Amino acid sequence: MRMPAIPLAVLLGFNGGFVDTAGFLGLQGLFTSHVTGNFVTLGASLVLGTSGVVTKMLAIPVFIVAVGLTRLAGNHLADNKRASMPVLFSAQAVLLGVFFLLAVTFGPFADGDAPMTMLAGLTGVCAMAIQNAVQRMHLSSEPPTTILTGTTTQFAIDLMDLITKRPSMASQDARRHFMAFFRAILCFGAGSMLAAASFYFVGLACLIVAVAVASFIAVLKARDVSGETGMLM
């Protein structure tokens, strides 16, 4: 019996919430995929004197470089007539695996600027930078899977228009987009909640869940490209 299709955005949204929450809890407030959050926590660290200032400062340029390299790799693959998503998602899965291994080997991390904390955190940043870049490059029609501010704002606007029966929400496309925003909020929230609960019991070892999900995405996208029946659409 064939299993039902799992939209790619569901898995990416779940992992976006999971990795960001686990990283924040285990790496002294570092956001692995949320640049805005790192600006905020960097300012807080500078004012309050808490650890992690250097790591949070480095996270921003590292994120930019990782996105740039992802774009470069994607262009190179496209120029050579190769599908880029399987390769890029595989790279993300590998980096998340390294993040997990560093976390369980050298964690827990009491000092946010210790060398191994920095290495683990910035590896996680690179992994999630790939997801951010792939979303922009190939999945721009979907709501973001690593940040919810814009998504939640649009959801609230569309919800009110739907309740008041505005013409803007009359079409099937508008309702489809509304449900995509709602799904993004649910998936990211589910990932965040599961990460928080599992971190409470096993610490950063919970990242194995994110590694498994990322590997699942990479394998199925590779099968999808090769013409085999996949579960993603």
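Arg183 is partly exposed, with a relative accessible area of 25%. By that term I mean between the two limits: buried is under 20% relative accessible area and exposed is over 50%, with a 1.4 Å probe and protein chains only.

Before going on, some ground rules. This is a predicted model, where local features need pLDDT of at least 70 and side-chain atom pairs count only at pLDDT 80 or more, while totals for chains, interfaces and linings use all residues. Residues are numbered from 1 along each chain as its sequence is written, and side-chain values use heavy atoms, with hydrogens and water left out.

Back to Arg183. Its side chain meets that of Glu142 in a salt bridge, 2.8 Å from N to O. The pair links distant parts of the chain: Arg183 is in helix 7 (residues 172–202), and Glu142 is in the loop between helix 5 and helix 6 (149–163), 41 residues apart. Helices here are DSSP runs of H or I, at least four residues, numbered from the N terminus. Glu142 is partly exposed too, at 28%.

How many salt bridges does a search of the whole structure find? Three. The term means a side-chain nitrogen of Lys or Arg within 4 Å of a carboxyl oxygen of Asp or Glu.

Another one joins Asp173 and Arg176, with the closest N and O atoms 2.4 Å apart. Both residues lie in helix 7, three residues apart, about one turn of the helix. Asp173 is partly exposed at 44%, and so is Arg176 at 49%.

Then there is Asp224 with Lys221, at 3.6 Å between the closest N and O atoms. Because they are three residues apart in helix 8 (residues 207–226), about one helical turn separates them. Is Lys221 buried or exposed? Lys221 is buried, with a relative accessible area of 10%, whereas Asp224 is partly exposed at 35%.

The largest pocket has a volume of about 390 Å³. Of the 19 residues lining the largest pocket, the closest to its centre are Asn132, Arg136, Pro144, Thr146 and Ile147. A pocket is an open set of points on a 1 Å grid over the protein atoms alone, where a 1.4 Å probe fits, with protein on both sides within 12 Å along at least five of seven lines; lining residues have an atom within 4 Å of a point. The volume is the space filled by probe spheres set on the points, which are joined across faces, edges and corners. Helix 5 gives the most to this lining, five residues.

Definitions and conventions. Helix = DSSP H or I, 4+ residues; strand = E, 2+ residues; numbered from the N terminus.
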